[in-house]
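Me: I would like a close look at a single part of this model. Please keep the terms plain.

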Amino acid sequence: MRGILIIRGRVRFFFFLTLATHAFGAGIGSYAHLVAADSPGSAREGVRVTYLGTNGYQFEFKGHALLVDPYFSRVDVLSVALGSRIQPNASRINDGLGHVATKADAILVTHGHFDHLLDVPAVLAKTQARLVASASSVDLAKRAGASFGDAVRPGDVRRIGPWKIHVLPATHDRLFGKVPFDQTGSQAGEPKRAADWICGEPLAFLIEVNGQHIYIDSGGTPAQLPPNERVDLAILGMALPDSRARLAAALACLRPRYVLPSHQDDFFRPLSAGFQFGPLTDFAFVQRESAQQSRSRLILLDYFRPWTLPAAVNPKSQTRVKSQLGNGRQDQAPRS
């Protein structure tokens with residue numbers, strides 16, 4: 001019990017630090033030259049990527065949509081730090097959904113923290129999507145009102161619409177040497193506080209669509225690197241020092257044409273306040289590390305401004321996903 005209290009105390013200290021340093025985060029306007037976005041009226045061929053804030057994304061292709069970690073409620077820092085009850089903000093969710101497709105094929109969830117999973121039950125109901133997440137995240141979502149979830153493990157493969165989704169292992173960044181809210185909350189009943197939304201088993205995903213490959217995670221540590229596969233777009237969580245420490249190695253594994261650092265914004269600010277970097281991010285470091293990878297172009301996405309992933313100049317040169325990724329446990333898992 002004493003160890004749990006110490007961890008909670010450290011996490012709360014972090015959130016108070018975040019509150020105290022809100023005013024010092026830079027806005028995305030400081031890096032306008034890196035922001036990628038489709039021009040108004042441009043053709044919408046190919047895979048379109050829309051940033052939803054935090055680690056949330058929508059991918060679209062030929063009338064199909066795939067969501068990852070959609071989170072619009074943006075719970076305030078004091079509610080989290082003080083252990084107050086948190087719940088989805090229906091108004092903010094509706095505003096966010098106004099920028100995404102009305103129907104989605106699936107929602108992928110990287111792990112169970114509130115800033116990744118809290119809004120998912122509501123978004124599932126609105127978009128008629130299928131939830132694909134770890135067993136612990138599926139359990140949390142069901143206790144929060146979701147009617148169904150497809151529990152997956154690293155090595156699984158799901159084919160949903162035009163998407164081929166490889167489930168990969170991942171780790172979560174540490175804070176004060178510990179993973180925040182890691183099995184410290186209530187394990188029964190409706191999750192009510194931030195600590196109830198436990199991390200569980202973190203996952204990463206490799207998505208194949210339109211002959212292109214997109215890798216996405218929400219962060220990690222040098223102990224678990226992405227697969228040694230060349231991808232078109234690497235979306236890498238960069239919120240904390242652990243994830244930045246593995247950046248060079250991750251880029252060497254993925255050799256992406258485009259690299260998009262994720263989980264960079266201050267997710268305690270409402271989306272309507274605009275993109276502002278979180279106080280523990282270090283985008284200048286990300287820039288320096290990315291510059292070492294001459295093959296990769298560093299980009300940023302602003303909230304709700306779609307960007308179409310360009311086709312490779314020579315698609316045949318793209319390394320195909322290795323057979324071991326395609327030999328995982330296949331789809332058709334029964335609904336539960």
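In which sense do E7 and strand E8 pair, and over how many bridges? Please go on from there to the rest of the sheet.

Reply: E7 and strand E8 (residues 163–169) pair in the antiparallel sense, over 4 bridges. Two strands count as paired if DSSP finds at least two bridges between them; strands (E, at least two residues) and helices (H or I, at least four) are DSSP runs, numbered from the N terminus. The model is predicted: local features need pLDDT of at least 70 and side-chain atom pairs count only at pLDDT 80 or more, while totals for chains, interfaces and linings use all residues. Residues are numbered from 1 along each chain as its sequence is written, and side-chain values use heavy atoms, with hydrogens and water left out.

Within the pair, Val-157 stands opposite His-166 in E8. The open sheet has 7 strands in the order E7-E8-E9-E10-E11-E12-E13, with mixed pairing. Strand E7 (157–160) and strand E13 (297–298) are at the edges; each has a single partner strand, so one side of each is left without a neighbour in the sheet. Helix H8 (residues 247–254) packs on the sheet and touches strand E10 (212–216), strand E11 (233–237) and strand E12 (258–262). Contact here means heavy atoms within 4.5 Å. The direction of H8 makes about 160° with that of E11, where axes are lines fitted to C-alpha atoms, for helices over the stretch in contact, and angles run from 0 to 180 degrees between N-to-C directions.

Leaving aside neighbours within four places in sequence, Leu-236 is in contact with several residues, including Leu-247, Ala-250, Leu-251 and Leu-254, and also Val-259 and Leu-260.
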